[in-house]
Amino acid sequence: MNGFTGLLKKKTRNVLGVLSGTSVDAVDIVHVRVNRSGTRPKIDVLGFESFPISGSLRKEIMRISDPKTGTVEDVCRMNVFLGMHYAKCIRNFLKRRNLTSAEIDLIGSHGQTIQHLPAFISNGGMRYRSTLQIGDPSVIANQTGITTVGDFRTADVAVGGSGAPLVPYLDELLFSDPSESRLLLNIGGISNLTYLPASSGAAKLTAFDTGPGNMLVDRLMLDLYGRKYDRDGEVAFRGRIDCKLLKAIKSHDKFHRKKPPKSTGREYYGRGFISMIMTDAAGISSEDIIATVSEFTAYCIFANAKNLKTDTVLVSGGGSKNKFIMKRLSDYFKDSKVKRLEIMGINESNKEAVLFALLANEVFSGRRTNIPGVTGAFKRVFLGKICPV
C-alpha cells in the first residue's frame, strides 16, 4: 500500500480517463497531467485515442441493457468482461505511447451504463433512485497494475441524487468566465447542458439533461440505412423536416418539458420511443425521418435553454460533428456564438474522458465533486470507489 499512500501526497498526477458512452461506439482514453496547487486545477492533455467497439459487442451490450432480453447472468459476465476489455485498451494505449503502468498514477473509469433510473420509487418504506455502470474498476486495476477509481454515480444516488449529470463539476472549474455567459452542451447519446453565467460559481450554475442527443438518430440510421450514424448530418441535409411528425414527437416526449433537476437515458429514449416515431412516420421518406429527428434533438436543447442569456455556446460530444445539428443550433441561438469546444487542449472529443480523469484525481485530493443543485442530492459527497493495487 506504499504506492497508494504516496498518491495522497502528490500534487501532480498522471491520470487516464476512460469511458464508453451511451452510444456504445468506442472506448475513449485520455492521458492528462493534473496539478492542483490553487483553487483551479491545471490540466495538460497529453494524449487521446478512441478504440472502436465492435458491432457484435455493441449489440450484446444493448441486448443485456434491455430488461426484456438481458439476464442477471448476462450482466454479471459482462461486468467482468468489460473490465478486461477496458484494461486491454488501456494497455494498448500505453504501448503506443511508449508508456509503462508505473508512469501512470491513476485511472478514472466511468464504465458502461446499462441502466439509469432517475425516477424515485418507494420500497420497504424507503424512497430512492438507481443507476448501474458495469466494467468493474477492480478488474481494470488488477489487469493494468494501476490504482483505479470507478463507479462515480452511486454515491450521489445514495444521498438522494440522480447521479447525473456529472460534467458540470468540470465545466464550472475550467470554463467559467467573468466576462461572458457560457452554455456548455454535450451531445452524446443523451444531450446535457451546463449554463455558466458570467462570474458564476457552483451555486449559480444550472445543469441537466435536455433530452436525446445522438441516440435516436443513430438507432434510426441503423434501422433504415444499416449505418451506425449520420456522418456530418448528410442524410438529414438531404431530407426535409416533416412538421406533422415533429409535432407528434414533441407531443409524445414529456421529458424535454420537465423542470430540472432532471436526467434521463436509453430507458426512456429506447425501443419504445423509436417504435412510436416509426408509427407516426408511416409514409414519410427515410431522409425526412432522419432530418426531423435531428431537428428534434436541436429543438429539445433550445427549448430547455431559451430563457438562459448566453454569449457563447460551446458544443462537445459526437453530436458536435453533425453539421445539420450544429446548423440548427446556430439558427436557434442566433444571438450567440455557437462553436465546438476547444479550450486548454480539451475539445469536443476528449472532454468526457477528461472529466473522469479529473474526478479520479479529486478523490485523492479530498474533494467532494457532486453538485446537489444539479443532481437533486441533499449533500456533497465523494464520487468514486477506489480500487488500489
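In strand S4, the residue that Val-18 takes as its bridge partner is Ser-109, and S4, residues 106-109, is joined by four bridges to strand S1, residues 12-19, the two running parallel. Helices (H or I, at least four residues) and strands (E, at least two) are DSSP runs numbered from the N terminus, and two strands pair if DSSP finds at least two bridges between them. The model is a predicted one, in which local features need pLDDT of at least 70 and side-chain atom pairs count only at pLDDT 80 or more, while totals for chains, interfaces and linings use all residues. Residues are numbered from 1 along each chain as its sequence is written, and side-chain values use heavy atoms, with hydrogens and water left out.

**Strand S4 and its sheet**

- Leu-106 and Gly-108 point one way from S4, whereas Ile-107 and Ser-109 point the other way, and all are buried, which here denotes under 20% relative accessible area, with exposed set at over 50% and partly exposed in between (1.4 Å probe, protein chains only).
- S4 is also joined to strand S7, residues 148-150, by three bridges in a parallel run, and there Ile-107 has Thr-148 of S7 as its bridge partner.
- Six strands form an open sheet of mixed pairing, in the order S3-S2-S1-S4-S7-S15, with S3 (42-52) and S15 (385-387) as the edge strands, each pairing on one side only.
- Neighbouring strands of this sheet are turned by 20° against each other on average, direction ignored, where axes are lines fitted to C-alpha atoms, for helices over the stretch in contact, and angles run from 0 to 180 degrees between N-to-C directions.
- Strand S2, residues 26-35, pairs with S3 in the antiparallel sense over 10 bridges, and Ile-29 has Glu-49 of S3 as its bridge partner.
- Helix H4 packs on the sheet and touches S4, S7 and S15, its direction making about 165° with that of S7.

**Helices H3 and H4**

- Helix H3, residues 72-96, and H4, residues 137-144, pack at an angle of about 40°, with their axes 8 Å apart, which makes H3 oblique to H4, since angles under 35 degrees count as roughly parallel, over 145 as roughly antiparallel, 65 to 115 as roughly perpendicular and the rest as oblique.
- The contact (heavy atoms within 4.5 Å) involves residues of H3 including Val-80, Met-84 and Ile-90, and residues of H4 including Val-139 and Ile-140.

**Helix H6**

- Helix H6, residues 168-175, is mostly covered, as eight of its eight residues are buried, among them Pro-168, Tyr-169, Asp-171 and Phe-175.
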